Amino acid sequence: MKVPFVSFKPLESELDKQIRDAFERVYSRSWYIDGEEDKQFEKLFADYCGIKYCVGCGNGLDALMLSLRAMGIGDGDEVIVPSNTYIATALAVTYTGATPVFVEPEISTFNIDVSRIEEEISDITKAIIPVHLYGQPCDMDEILRIAKKHGLKVLEDCAQAHGAQYKGKRVGSFGDAAGFSFYPGKNLGALGDAGAVTTNNIDVADMVRALGNYGSDYKYHHIYKGYNSRLDELQAAFLAEKLSIMDKINEDRQRTADRYLKEIRNPNVILPTVKEDRTHVWHIFAIRCEHRDELEKFLNDKGIGTNKHYPIPMHLQKCYKDLGIKEGELPIAEEISRTELSIPMYYGMKKDEIEAVIDAINSFC
């Protein structure tokens, strides 16, 4: 049986009428930027996250970069990021003129190892970006404690964790601000690029909005050297429809993950660990295997789609050669890059599809 790594078809089928109605609603108004749909989605998403303000923007990378700029991060500063995340997290830091400082993760959860953070804090460290990688929240209590102790800002990277909870609170509500991506493959995905910033700080919200609108606080009045990064009306309308079933989407993914965790019993495969005080929303179901490439070929030959997140760690990418970090200096990130394999995980997976994935993995030797 063929099982794709990801499929949008079940969700598209369920929301077909709502999405088409949303398009018609926007199209009939002939208003495509900074209109009612954007305002409505921002309010809905802020309420969903349990936060005061939400500002839509062009994508998740911009959400992080604009937030850092609004926090005053810039040339000569350092920002702590996990060593094993997607490169957008580090790029957001670089684009402000600051330098990313990589901290190794816990290999069992893939999230930043809070016990390693303080040893990387210097006199020029200004912020920490905890990434709720693959959909599991980081240890926010400890991160916030460290940040308060050292006078640092906290910017949550929630690009893969829409709706995930830490001790009963949704991610995106803990730090000074948070960046979300609504790339189509996310749990809450647009029909194109889109992103948002959430914050309880009105000054940060206002500055992010102005920076994303060419640095303008009102038409033709520019207070910053800004960017063009706005959430358009169509994407806001589509996202509002999907947000209405966000919890249903996550619960469906959690049911699939529960089966994987209980029924994958191959001793060659290491399953992810979920901590008790948080909910994982499973944007990615990441397993590890010493024979990752052989397992990937084995599954692909059986029609099971896979992906690798991420096969080359950031410090070994050519674009970050200037940081001078040599192979072997961040061994946990390198180990994850060498052994991680992502298996099918999407809303609406059928029972026989889930069983096909489990049976295939269990038959690998």
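Analyst: Contact here means heavy atoms within 4.5 Å. Please keep in mind that this is a predicted model.

User: Understood. What lies across strand 2, strand 3 and strand 5?

Analyst: Helix 5, residues 88-95, lies across those strands, and it runs at about 150° to strand 3. Helix 6 (residues 140-150) also packs on the sheet, where it touches strand 4 (125-128) and strand 5. The direction of helix 6 makes about 150° with that of strand 5.

User: In what order do the seven strands of the open sheet come?

Analyst: The order is 1-9-8-5-4-2-3, with mixed pairing. Strand 1 (53-57) and strand 3 (99-103) stand at the edges; each has a single partner strand, so one side of each is left without a neighbour in the sheet. On average, neighbouring strands of this sheet are turned by 25° against each other, direction ignored.

User: And how many bridges pair strand 2 with strand 3?

Analyst: Five bridges, in the parallel sense; strand 2 covers residues 78-82. Val81 stands opposite Phe102 in strand 3.

User: Let us move to strand 13. Is it enclosed or open, and why?

Analyst: Strand 13 (residues 285-289) is largely enclosed by the rest of the structure, because five of its five residues are buried. Phe285, Ile287 and Cys289 point one way, Ala286 and Arg288 point the other way, and all are buried.

User: Which strands does it pair with?

Analyst: Strand 12 (residues 269-270) is joined to strand 13 by two bridges, and the two run antiparallel. Strand 14 (residues 340-343) also pairs with strand 13 in the antiparallel sense, over four bridges.

User: What about the faces of strand 14: covered or open?

Analyst: Both faces are covered. Glu340 and Ser342 on one side, and Leu341 and Ile343 on the other, are all buried.

User: Turning to Tyr134, where is it placed, and is it buried or exposed?

Analyst: Tyr134 is in the loop between strand 4 and helix 6. Its relative accessible area is 1%; the cut-off for buried is under 20%, so Tyr134 counts as buried.

User: Which residues is Tyr134 in contact with, leaving aside neighbours within four places in sequence?

Analyst: Tyr134 is in contact with Phe110, Gln160, His280, Trp282, His283, Ile284, Ala286, His309 and Glu340. Of these, Ala286 belongs to the buried residues of strand 13, and Glu340 to those of strand 14.

User: Which residues other than glycine have a positive phi?

Analyst: Ser30 is one of them, with phi near 55°. Asp34 is another, also with phi near 55°. Most residues other than glycine have a negative phi. Ser30 lies in the loop between helix 2 and helix 3, and Asp34 has its place in the loop between those helices too.

User: How accessible are Ser30 and Asp34?

Analyst: Ser30 is exposed, with a relative accessible area of 52%. Asp34 counts as partly exposed, at 44%.

User: Where is Ile33, and what patch does it belong to?

Analyst: Ile33 is in the loop between helix 2 (16-29) and helix 3 (36-49). Together with Phe23, Tyr27 and Tyr32, Ile33 forms a nonpolar patch on the surface, with about 380 Å² of accessible area together. Ile33 itself is partly exposed, with a relative accessible area of 36%.

User: Last topic: how many residues of helix 8 are buried, and what covers them?

Analyst: Ten of the eleven residues of helix 8 (residues 233-243) are buried. Among them are Phe238, Leu239 and Leu243, along with Glu233, Glu241 and Lys242. The cover includes helix 1 (9-14), helix 2, helix 3 and helix 9 (246-263).

Conventions: Residues numbered from 1 in each chain as written. Predicted model: local features only at pLDDT ≥ 70, side-chain atom pairs only at ≥ 80, totals over all residues. Heavy atoms only, no water. Patch = residues over 30% accessible without salt bridge, like charges linked within 9 Å, V, L, I, M, F, W, Y side chains within 5 Å. Areas by Shrake-Rupley, 256 points an atom, 1.4 Å probe, with all protein chains shown as cover. Salt bridge = Lys/Arg side-chain N within 4 Å of Asp/Glu carboxyl O. Buried < 20%, exposed > 50% of the residue type's maximum accessible area, 1.4 Å probe, protein only. Pairing = 2+ DSSP bridges. Axes fitted to C-alpha atoms, helices over the stretch in contact; angles between N-to-C directions.
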